[in-house]
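Thank you all for coming; I would like to walk through one model this morning, slowly and with the criteria stated as we go. Please keep the sequence and the structure in view while I talk.

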Amino acid sequence: MNEWTAQALRQVREDPEAVHRLFPRAERLGGPDARAALLALVDAGAVAALYRDGDAGERLAILRALPGLDLGPAALPLVEDALRTNDARLVAAALGPYGSRWLDDHAFRHGVLKCVFMSIPLASVDGLDRRFDAELARMLADHAAERRAAGREVPQDVLERL
Amino acid sequence: MRIFDPHIHMTSRTTDDYERMYAAGVRAVVEPAFWLGQPRTGVGSFLDYFDSLLGWEPYRAAQYGIRHHCALALNPKEANDPRCADVLTELPRYLLKDSVVAVGEVGYDSMTPEEERVFEAQLALAADADLPVLVHTPHRDKTAGTRRTLDVVRACGTRPERVLVDHLNELTVGMVAESGCWMGFSIYPDTKMDPDRMVAILKEYGTERMLVNSAADWGRSDPLKTRQVADAMLASGFTADDVDRVLWHNPIGFYGQSGRLDLGEVSAGAEYAGNTIRRG
C-alpha cells in the first residue's frame, strides 16, 4: 500500500464522505488495490452512490470488489445495471461470485446468454455448473439453432453445454 | 505515421469512422464536450452525455485500437440557457475522473455576459482540478472574440501554457502565438481551415505549440483531415519529424499537463478479441 492510499484510508475513517472525492482518483494515485481498500470502509449506500457516479473503471472496481464486501443482496441493483450495459468488462464482472450468488434464475440465465452474444467466454461466469439448469440449456440450444440457420458457427463453449 | 486528434466528437461518428481513422494512423483522440445540434432541456441530459464520454465512447474506441480521453465542460452555446446552469455544480466531481484531461470546450459563442461568467467560472474549476483548458473561439466575430478570450485568460491568471485556443485562422493565429497559449486549428471540408492553408500557417509560424484537429462531429466534417494535413506537410517539404511533432507530440505536450494521459496498449475488448461492437 502506498502513502497516498494509507492517507486516503485514514481520511475516510475520520470522514466517510471523503470517499466520494478520493475514490475516482484512487487507482491513478494509489495503485490497483486502492479502490477495493476504500470500499471496505463504507456502507452499502455509499457503494451504490459511488457506482452511480462512477466512470467505467470505477464501476468495474466496485463490481470486482463486491464478493469481499459482505453487503448481502443490497448491491444487486448494481449488478443488474452492469448487465444492462454493452461493455463486456462490466458484463463479465457482473457475473462474478457476487452476481452468481444473488441473481435470480431469470436474470442469471439472460446474463449467461448475453455473454455468448458478446463473446465473453463462459468459463469466466462464476458458478455456471452450480446454476446451470434445463431452461438455460434450452436457451443455449435455441441460440445454437439460430446461429446454424444463419450459416454461422456455434461457439465451442456453447456446444460443450448442449 | 501516428496521429493524435486533439479535438473530435466521436459520439457523433460511426464505427466505420473508427476503422478508417485507425487505418490512417489515428491512435489517440480527445473528445471535448459540446452541444448536440439540438438544445438540451436540463442537467440530466448533460450528465448522461458526460457518462458516455467516460464509459461507452472510450470502450467503443478501444475496440478499434484507439485511446479515447475527454474534456468536459458546459459549452458556450448552452451557457446561455438557464435550464443548464447547474451543470457547473456537477462538474467538479466529473473533473476528478481518470480519462478527463482538460476542461473544454469553454469560451464564447455569441459573446454574452452569461457566456463570460460561465467561461470564467470554468477557468477557476480547471485551476482547482489542475487541468488545462480547451477554449473554443466563435464562428461569428472571430477576431474580436479571440482577443476577448485572451483578455479573460490573462485576467483570470491562467498560465498561457495551460490554455489551447482552438478554431484559429490566418487572422487570429498571430495574437494567440504572441500570448503563449497553444494554437488549435480545425480542418473542415468547407469552413474553418483546409490542409493547404494549414501548411502555409505552419511555414509562417513554425510547429511549436501548434495542434491540428478534425473537430469532426454531426455536421459536414471529416475525421481523416488530420491525416490529410500530415500528407500535405510532407508534400510541401516538412520532415516526418515535423509531422510527428504537430500530430503526435504537441497534443501529448498539451494534454499531458493533466498528468492523466494514458497511451499504453489499448486493452478493453482486446481481452475478448472483439473486432466489432458486440450486441448483447
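Leaving aside its neighbours within four places in sequence, which residues is B:Val118 in contact with? Before I answer, a word on conventions: this is a predicted model, in which local features need pLDDT of at least 70 and side-chain atom pairs count only at pLDDT 80 or more, whereas totals for chains, interfaces and linings use all residues. Residues are numbered from 1 along each chain as its sequence is written, and chains are lettered from A and ligands numbered from 1 in the order in which they are written.

Now the answer: B:Val118 is in contact with B:Leu74, B:Ala79 and B:Leu88, where contact requires that the C-beta atoms of two residues, placed from the backbone, lie within 7 Å. B:Val118 sits in helix α5 of chain B, a helix here being a DSSP run of H or I with at least four residues, and a strand a run of E with at least two, both numbered from the N terminus. B:Val118 counts as buried because it has 25 C-beta neighbours inside 10 Å; the criterion calls a residue buried if 20 or more other C-beta atoms lie within 10 Å of its own, exposed if 12 or fewer, and partly exposed in between, again with C-beta atoms placed from the backbone.

With residues up to four places away in sequence left out, B:Ala79 touches B:Leu74, B:Glu114, B:Glu115 and B:Val118. For a sense of scale, B:Ala79 and B:Glu208 are 129 residues apart in sequence, and their C-alpha atoms are 32 Å apart in space.

Let me turn to helix packing. Two packed helices are described by the angle between their axes and the distance between the axes. In chain B, the axes of helix α4 (residues 87–94) and helix α5 (residues 113–129) come within 10 Å and cross at roughly 20 degrees, the axes being lines fitted to C-alpha atoms, for helices over the stretch in contact, with angles that run from 0 to 180 degrees between N-to-C directions. That angle makes α4(B) roughly parallel to α5(B), given that angles under 35 degrees count as roughly parallel, over 145 as roughly antiparallel, 65 to 115 as roughly perpendicular and the rest as oblique. From α4(B) the contact uses B:Leu88, B:Leu91 and B:Pro92, and from α5(B) it uses B:Val118, B:Ala121, B:Leu125, B:Asp128 and B:Ala129.

What do we find in chain A? Chain A has 12 helices and zero strands, and its C-alpha atoms fill a box of roughly 60 × 25 × 25 Å along the principal axes. Buried residues account for 35% of its 162 residues. Helix α1 (residues 3–14) and α2 of chain A pack at about 165 degrees, with their axes 10 Å apart, which means that α1(A) is roughly antiparallel to α2(A). The residues in contact are A:Trp4, A:Thr5, A:Ala8, A:Gln11 and A:Val12 of α1(A), together with A:Val19, A:Leu22, A:Ala26, A:Leu29 and A:Gly30 of α2(A).

Also in helix α2 (residues 19–30) of chain A is A:Arg28, which is partly exposed because it has 16 C-beta neighbours inside 10 Å. A:Arg28 touches B:Asp98 and B:Arg260 in the other chain.

Finally, some backbone geometry. Most residues other than glycine have a negative phi, and most peptide bonds are trans. Against that background, a cis peptide bond joins B:Gly104 and B:Glu105, with omega about -5 degrees, and B:Glu105 is placed in strand β4 (residues 100–107) of chain B. The C-alpha atoms of B:Glu105 and B:Val118, 13 residues apart along the chain, are separated by 11 Å. B:His167 has a positive phi, near 60 degrees; B:His167 lies in the loop between β6 (163–165) and α7 (173–179) of chain B, and is buried because 25 other C-beta atoms are within 10 Å. A:Ser119 also has a phi near 60 degrees, and A:Ser119 is in the loop between α9 (105–117) and α10 (128–131) of chain A.
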